[in-house]
Amino acid sequence: MKWKQFFTPISSINWEEAHQLVAQTSEQDVILLDVRQPKEYTRGHLPGAKLIPLGDLENRLAELEKDQPIVIY
Amino acid sequence: MGKGFSKVFNLTGGIKAWKKEVAVGSEDTGLYLFRSEGSPEEAVITGFGLEMGLRDFYLSMQSRVSRESTKALFGKLAGIEILHQERLVELYTEITGTAHTMTEFAEKIVEPAMEGGLSTEDFLGLYKVDLNSELEVLGLALAIEAQALDLYLRAAERSDNGNTSKVLLQIAEEERTHIARLSNYIDDQQDLT
């Protein structure tokens, strides 16, 4: 069995680049989106991160601004 | 994510990298989206490949995790992926007019399309999953199921055949329930690490 690489990757950034992105814009302009489960969020999350569990994401896209940078983890 | 969002970035290494305050590399190890073009027929082939991968992943993880309830959950999900494969073969027959058994379809149509792809081990290596962490394994299962959901929803949207669209939406709905089941399981197991 093979996993074909038929996926188009979205851009990935590392933490340094994420910090730069936040510094270059205003902190409120970058959405840090935590797509893990609430329990994991409670255990630890990035300051200011918005929690939308992956399973809810499709139904809650309206909560996100389309033109704002979004960093997902 | 698509859907009009233009500045979406996946954080390499996730929150684990943040805890260390260092970058873990530049590989694209995170969320991926299916390509948006392609016919329903291609989506059926892709979907079948993904279902094979999902089943392989669940069975492989089932033998590695220690918690009995996680083993049972993975076994159940692996079983459902076979039903999806059967439905996809039926759908392929309906779309193309060419009948195949499930084995033939896998060997003659899907596997050639998967050439050059990654083995499950390579795939797990790419995602840098800590296989000792059931939480991480479950998290990856969620991510793969989300990709499957995305594939079926997009394919259903593109299809101009009512029945094809209906079947793809049904499978999408079942993938949605898998996501809910995995999510609820993670939340219910208080001591998962």
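**Strand pairing in chain A**

Begin by selecting A:Asp34, whose bridge partner in β4(A) is A:Leu51. This is a predicted model in which local features need pLDDT of at least 70 and side-chain atom pairs count only at pLDDT 80 or more, while totals for chains, interfaces and linings use all residues. Residues are numbered from 1 along each chain as its sequence is written, and chains are lettered from A and ligands numbered from 1 in the order in which they are written.

Next, show β3(A) together with strand β4 (residues 50-51) of chain A, which pair in the parallel sense over 2 bridges; strands pair if DSSP finds at least two bridges between them.

Zooming out, chain A holds 3 helices and 5 strands, where helices (H or I, at least four residues) and strands (E, at least two) are DSSP runs numbered from the N terminus. From the N terminus on, their order is β-β-α-β-α-β-α-β.

Now move to chain B and select helix α2 (residues 40-62) and helix α3 (residues 68-96), whose axes, lines fitted to C-alpha atoms over the stretch in contact, come within 8 Å and cross at roughly 160 degrees, on a scale from 0 to 180 degrees between N-to-C directions. That makes α2(B) roughly antiparallel to α3(B), a term for angles over 145 degrees.

Definitions and conventions. Angles under 35 degrees count as roughly parallel, over 145 as roughly antiparallel, 65 to 115 as roughly perpendicular and the rest as oblique.
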